[in-house]
Amino acid sequence: LAPHSLRAVPPSALKAALAGMQAIDATAPIHIHIAEQRKEVDDCIAWSGASPVQWLLEHTDVNDRWCLVHATHMSDSESSRAARTGAVVGLCPTTEANLGDGIFKTKTWTEAHGRWGIGSDSHIAVNAASELQLLEYSQRLRTGERNVMTTMHTSPHVATAMTLAAVPGGAQACGRDVAGLHLGQQADWIELDPNHHALVHLPTPAHMLDAHVFAGDGKSTIGNVVRAGRVVVQRGKSMQHDTARAKFITARRALLANMA
């Protein structure tokens, strides 16, 4: 909810709009940016008498179709209440850090059995490993503890614990039924490069995944990516790399020319 753009809209009209949006498709996922910055929370309280999350929960039937993007500034009671709805939180740590939004209370959310996924809300970084790394490190800074995200699963490996949470959370946010490599599932997978200097000679896949997230030196350790049975990244290079690179350079040149 962005009250700065809704000041002329009465709360009753927004409630009706949200109800109409849900009626468009009763099964489609619903994403909403909410409680991203403190000023947004303050503006929403001034506008409606309630914080963004409080207002949403009191006026809308939030359920597991909903993805609450950012949700950085929730009170503990709002976090527990939102988690009980089955909604998933869409975290974008590199964007939230770049914009100075704040740090999400992951420990509070997961202790309430809240679900979460990883996304990117800008082009500052589009790298799942970078998002996971910053998520864990930001929680260490908040709590003064290490290996914070291992509390969500029995795995002692932080990257494994986060992946086991982020993949189903992301699938829920996308409205997809993802159950791994099974008959009837779409053939999607990512292969790490075992010959990458950050991974070579590591004893187990779990150690490799830890290194992929925390020791990649800013470079991707991904080897191949398969999407719907089709190779889209091979030996660490997108099959559309050259085309995308040329389009990016052209677009940036045009943008800078217009700014001159």
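Here are some notes on a predicted model, point by point.

1. Let's start with the empty space. A water-sized probe rolled over the atoms shows where such space is left. Here, one cavity of 30 Å³ or more turns up, and the largest cavity holds about 30 Å³. Its lining consists of Ala71, Thr72, Met74, Ser79, Phe104, Lys105 and Trp109. By class, that makes four nonpolar, two polar and one charged residues.

2. Most residues other than glycine have a negative phi. Ala71 sits in the loop between E2 and H4, and it counts as buried because its relative accessibility is 0%.

3. Ala228 has a relative accessible area of 49%, so it counts as partly exposed; the cut-off for exposed is over 50%.

4. Next comes helix H4 (residues 76-84), where Glu78, Ser79, Ala82 and Ala83 are buried. Viewed down the axis of H4, these buried residues fall within an arc of 130°, so they line one face of the helix. In an α-helix there are 3.6 residues a turn, so residues three or four places apart point the same way. The face of H4 turned away from the buried side carries the exposed residues Ser77 and Arg84. Cover for the buried residues comes from elements including helix H3 (52-59), strand E2 (66-70) and helix H6 (106-111). After H4 comes Gly86, with a positive phi near 90°.

5. The buried residues of H7 are Ala129, Glu131, Leu132, Leu135, Glu136, Ser138 and Gln139. They are covered by elements including strand E3 (88-91), helix H5 (93-98), H6, strand E4 (115-118), helix H8 (158-174) and helix H9 (205-214).

6. How many of the residues of H8 are buried? The count is 12 of 17, so H8 is largely enclosed by the rest of the structure. Among them are Val158, Thr160, Met162, Gly169, Gly170 and Gln172, along with several alanines such as Ala165 and Ala166. What covers them includes strand E1 (30-34), E2, E3, E4, H7 and H9. From its first C-alpha to its last, H8 reaches 24 Å, close to the 24 Å expected at 1.5 Å a residue. H8 is followed by Gly175, whose phi is positive, near 70°.

7. Finally, a word on Gln185, found in the loop between H8 and strand E5 (189-192). Gln185 counts as partly exposed because its relative accessibility is 24%. Leaving out residues up to four places away in sequence, Gln185 touches Asp177, Val178, Ala179 and Gly180. Between Gln185 and Lys247 there are 62 residues in sequence and 33 Å in space, C-alpha to C-alpha.

Terms used: Residues numbered from 1 in each chain as written. Predicted model: local features only at pLDDT ≥ 70, side-chain atom pairs only at ≥ 80, totals over all residues. Heavy atoms only, no water. 1 Å grid on protein atoms, 1.4 Å probe; cavity = no way out; pocket = protein on both sides within 12 Å on 5 of 7 lines; lining within 4 Å. Points joined across faces, edges and corners; volume = space filled by probe spheres on them. Nonpolar A, V, L, I, M, F, W, Y, C, P; charged D, E, K, R; others polar. Buried < 20%, exposed > 50% of the residue type's maximum accessible area, 1.4 Å probe, protein only. Helix = DSSP H or I, 4+ residues; strand = E, 2+ residues; numbered from the N terminus. Arc of directions from axis to C-beta. Contact = heavy atoms within 4.5 Å. Expected span 1.5 Å × (residues − 1).
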